[in-house]
Amino acid sequence: MEYTQAEILQTVRMTEMEHLDIRTVTLGLSLRDCVTDSIANTAERIREKIERSAGQLVNTVNEIGDEIGIRIANKRIAVTPVSILTEGAQGNPVELGRAIDEAAATVGVDFVGGYSALVHKGFTRNESEFLDSIPEALSTTERLCGSVNVATTRAGINMDAVARVGRLIKDAAERTRERSGLACAKFVCFANAVEDNPFMAGAFHGVGEPEMVINVGVSGPGVVNHAVQQAAKDLPLQEIAELIKKLSFKLARAGELVGREAARRLGIPFGIIDLSLAPTPVPGDSVANILEAMGFERAGTHGTTAALALLTDAVKKGGAMASNSVGGMSGAFIPVSEDAGMIEAALVGALSLDKLEAWTSVCSVGIDMVAVPGSTSAETIAAIIADEMAIGVMNNKTTAVRIIPVPGREVGEMVEFGGLLGSAPIMPVNKFSSEQFIRRGGRIPAPVQSLRN
């Protein structure tokens with residue numbers, strides 16, 4: 001792919017003035033060849049493989065960023081869903097999680113994803129035991145992230161798994177009470193999880209992926225926000241969409257340049273670029289601010305679902321024009337604690353949990369980095385997850401929930417998570433009970449649109 005001088009200069013300007021960065025270069029790594037009949041032995045083989053395979057990742061990516069003048073914010077690893085590695089092995093799965101976390105620290109990556117299970121239609125015996133290990137694994141490690149896929153459009157929603165995840169989230173929050181339930185910030189519950197997602201906390205290396213692969217998460221909401229802010233206030237919406245599409249094209253080109261160069265230097269195949277607009281707490285680097293620049297007083301008011309649909313669609317179209325390798329989720333993320341504009345909107349009452357749920361029908365993922373009262377029941381959390389899973393299943397898209405019931409905190413208080421995780425206001429949940437519905441268990445059948453063959 002050839003890059004013109006004008007493109008390079010514009011990318012430099014976006015980097016210097018508009019918060020453009022490459023959010024992550026993520027190494028996807030299969031650990032299936034590490035499996036033995038002993039979790040202790042498997043852990044040692046996992047540690048050795050991660051350290052051998054990812055030993056040059058951080059230095060190589062940093063060199064590329066320095067050479068081309070684009071900040072590459074995070075270097076990460078995604079591994080085979082760990083529940084798969086426990087089948088038939090004797091021992092505690094948490095030992096695998098700690099080995100992965102220690103190896104990630106050794107090679108210097110920011111996060112490692114894949115303490116995960118795919119249980120959208122049921123559990124094996126090992127998977128059931130693995131789920132119980134998630135709170136301990138995430139609360140006793142620093143870099144390790146996990147996820148559970150509980151629904152797909154083809155299988156429906158495993159409500160037994162949804163109920164269990166509600167209890168797991170409560171357990172993880174209590175285990176990290178002194179850190180405001182931080183373990184929950186490293187856990188995602190999915191419908192229709194994708195195998196090549198480079199973003200945390202939901203990344204894992206799917207079983208359909210190669211031995212190793214380089215995936216890139218581009219980001220860039222600050223660039224889009226700056227452009228929409230500068231556009232004429234009476235510019236028609238189709239022209240706003242065209243503006244965002246052209247910017248997304250340039251962002252995708254920059255991401256592919258970084259990804260292909262990293263893959264070449266490391267001798268690893270290049271996989272995909274995920275062109276998701278992923279905000280940060282930095283002022284202006286905000287998806288909420290993009291929506292407000294289209295003509296809203298605050299993100300979350302009436303009409304912002306339509307605006308988010310326009311934004312997500314334009315981002316996808318621009319990326320698809322720029323590269324044959326667009327994958328992951330690609331669109332717009334709405335993590336409340338990581339977006340300064342969303343924090344402000346929540347504080348003034350413009351943005352509610354119900355509106356976030358509506359947004360997820362059109363955005364990349366779902367209810368993300370939302371803090372709720374620590375007194376919220378496991379059944380209520382499970383019900384929030386069930387609603388999100390239904391949106392994903394019925395619309396044949398990926399949806400997810402990353403929710404944090406902060407122990408000892410109530411509505412209106414602020415909680416600080418630090419770094420990219422930001423801070424969040426404790427948001428109210430519906431006061432009426434969903435307990436009887438959740439306790440029914442079973443499975444919500446796949447919708448009729450699953451019958452596509």
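Glu413 is partly exposed at 34% relative accessibility (buried is under 20% relative accessible area, exposed over 50%, partly exposed in between; 1.4 Å probe, protein chains only). This is a predicted model: local features need pLDDT of at least 70, side-chain atom pairs count only at pLDDT 80 or more, and totals for chains, interfaces and linings use all residues. Residues are numbered from 1 along each chain as its sequence is written, and side-chain values use heavy atoms, leaving out hydrogens and water.

**Salt bridges**

- A salt bridge puts a side-chain nitrogen of Lys or Arg within 4 Å of a carboxyl oxygen of Asp or Glu; the count is 24.
- Glu413 pairs with Arg409, with closest N and O atoms 3.9 Å apart.
- Arg409 is partly exposed at 25%.
- Asp33 and Lys49 form a salt bridge at 2.9 Å, N to O.
- Asp33 sits in the loop between strand E1 (22-29) and helix H2 (39-53), and Lys49 in helix H2, so the pair ties together parts 16 residues apart in sequence.
- Helices (H or I, at least four residues) and strands (E, at least two) are DSSP runs, numbered from the N terminus.
- Lys49 is buried at 3%, while Asp33 is partly exposed at 42%.

**Ser83**

- Ser83 belongs to helix H4 (residues 82-85) and is buried, with a relative accessible area of 1%.
- Setting aside neighbours within four places in sequence, Ser83 is in contact (heavy atoms within 4.5 Å) with Ser116, Ala117, Leu118, Glu127 and Phe130.
- The Ser83 side chain reaches the backbone oxygen of Ser116 at 3.1 Å.

Terms used: A polar contact is a pair of N or O atoms within 3.5 Å; within protein, one must be able to donate a hydrogen and the other to accept it, and residues adjacent in sequence count only if both atoms are side-chain atoms.
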